[in-house]
Amino acid sequence: MFETLFKRSTTVARYRAAPFSKAREQFLELCHKKGYSHAMLEKIAWILYSIAPRIDMKNRKVTPRAIEQAVDEHIHYRGCQQNVQIPASTRQLFIHIVTEWIRSLDCFEAPSKAEGAFTVQITAYTRHLREERGLSTVTISTSCERLIWFFKSLQSSITSLDKITIADVDAFIESKGKQGWKRSSLSSLASSLRGFFRYAEGKGWCIPGIAEVIESPRIYTLEGLPKGPSWEDVQRLLASASGDCHNDIRAYAILMLLAVYGFRRNEVAGLQLDDLDWISEQIMVTRPKQRHIQYYPLLYEVGEAILRYLLEVRPCSKYRNLFLTLTAPIRPLSAESISPIVRSRLRALKIALPHYGAHCLRHACAAHLLASGFTLKQIGDHLGHRTANSTLKYTKIDLASLRKVSEFDLGGLL
């Protein structure tokens, strides 16, 4: 396999001389059979070549922590050597590839008993949120993700919930603040932890009263100002994706759904081929938060963008998801992969925004509808809001109407 990837005999010899040569080559052959591109295979080969010497498989078991440590050691060495800051995305890619390689060797060690104990209680809490409180899948997933972060931050000596103190919780929230989390994010994080410990207290798992003393930053009603690109910038964004390459064609269809309908990224990722009714010219979207289905007219421009993607770009696949990855292994496009599509193109256009994720196009859609004269009820229905309060925040960005008020002639009242 090395001879297929590399032309120079010296390069092949160097890769064969590194530790676990046969195991690395077998993994590359496995990836090749799955349809990975030549460039991706070269990247995988280089990553394994870089990390393999730092992996200890004497006991035939490698923990996730050992993988992370090996990757971090390499990244630190490379960063110091080249005097550069290695992106977090690069670290995640290294960890993912090395983990899959270790799994293929059947050397991946299962989580420890301490992690398993917390997993059991997180699972019970997940069931409580879903079956008793009726929360959406997205809300439950977010809450559990935050709990996992918290448990990973604890000292290894803490193996049960009754050993956790309010100082541990405060230290975790404080650490996120130092990482640059905003007050709204910290407040949401504290709320997630408070909800879990309230449930844990009812089960007798933790110290009584810990939930009540978890503090969070004060958040004021309608404090946040939703900020999205202007509609002119949205049009520029769409124009930038009107090319003929596969990336542009898929991106154009996704951007149209985000900007025209104001869909959330997980709603776009969740679209199925059966959700498009070409005869009735309708598109059906599942609202995870509201747990209901909503129908929209399939506008001509949007339909044309999706149809071009289906005919020219979408790979043949067993999956029924509308949007798939463009390179092997072919799989449904995740919600997390949609924001980078928006972010990279907005930054390329040098559009200044506080946030560049897919959600900013939802804000742009709402602002455009408001400026076009639609009522808050109509905008809320279009965006799928559950309450009028969710839409009310967009009145704060109708600066044109505020200017008209300021220009109103008060006559002799003053």
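Arg 24 lies in helix H3 (residues 21-33). Helices here are DSSP runs of type H or I with at least four residues, strands are E runs of at least two, and both are numbered from the N terminus. The model is predicted: local features need pLDDT of at least 70, side-chain atom pairs count only at pLDDT 80 or more, and totals for chains, interfaces and linings use all residues. Residues are numbered from 1 along each chain as its sequence is written, and side-chain values use heavy atoms, with hydrogens and water left out.

Arg 24 is buried but has no salt bridge. Buried means under 20% relative accessible area, exposed over 50%, and partly exposed in between, with a 1.4 Å probe and protein chains only. A salt bridge needs a side-chain nitrogen of Lys or Arg within 4 Å of a carboxyl oxygen of Asp or Glu. The nearest side chain of opposite charge, Glu 25, is 8.1 Å away. Lys and Arg count as positive, Asp and Glu as negative; His and the chain ends are not counted. The side chain of Arg 24 does reach the backbone oxygen of Ala 18, at 3.2 Å. Beyond its neighbours within four places in sequence, Arg 24 has contacts (heavy atoms within 4.5 Å) that include Phe 2, Tyr 15, Leu 48 and Trp 101.

The structure also holds 19 aromatic pairs. Rings of Phe, Tyr and Trp (its six-membered ring) pair if their centres lie within 6.5 Å; planes under 30 degrees apart count as stacked, over 60 as edge-to-face and the rest as tilted. Phe 118 and Phe 151 are stacked, because their ring centres are 4.3 Å apart and their planes at 0°. Phe 150 and Phe 172 form an edge-to-face pair, with centres 5.4 Å apart and planes at 70°. Phe 150 lies in helix H8 and Phe 172 in helix H9 (residues 166-178), so the pair ties together parts 22 residues apart in sequence. Phe 150 is buried at 0% relative accessible area, and Phe 172 is buried at 4%.

An open sheet has three strands in the order E1-E2-E3, with antiparallel pairing. Strands E1 (276-277) and E3 (292-297) stand at the edges with a single partner each, so one side of each lacks a neighbour in the sheet. Pairing requires at least two DSSP bridges between strands. Six bridges join E2 (residues 282-287) to E3.

Conventions:
A polar contact is a pair of N or O atoms within 3.5 Å; within protein, one must be able to donate a hydrogen and the other to accept it, and residues adjacent in sequence count only if both atoms are side-chain atoms.
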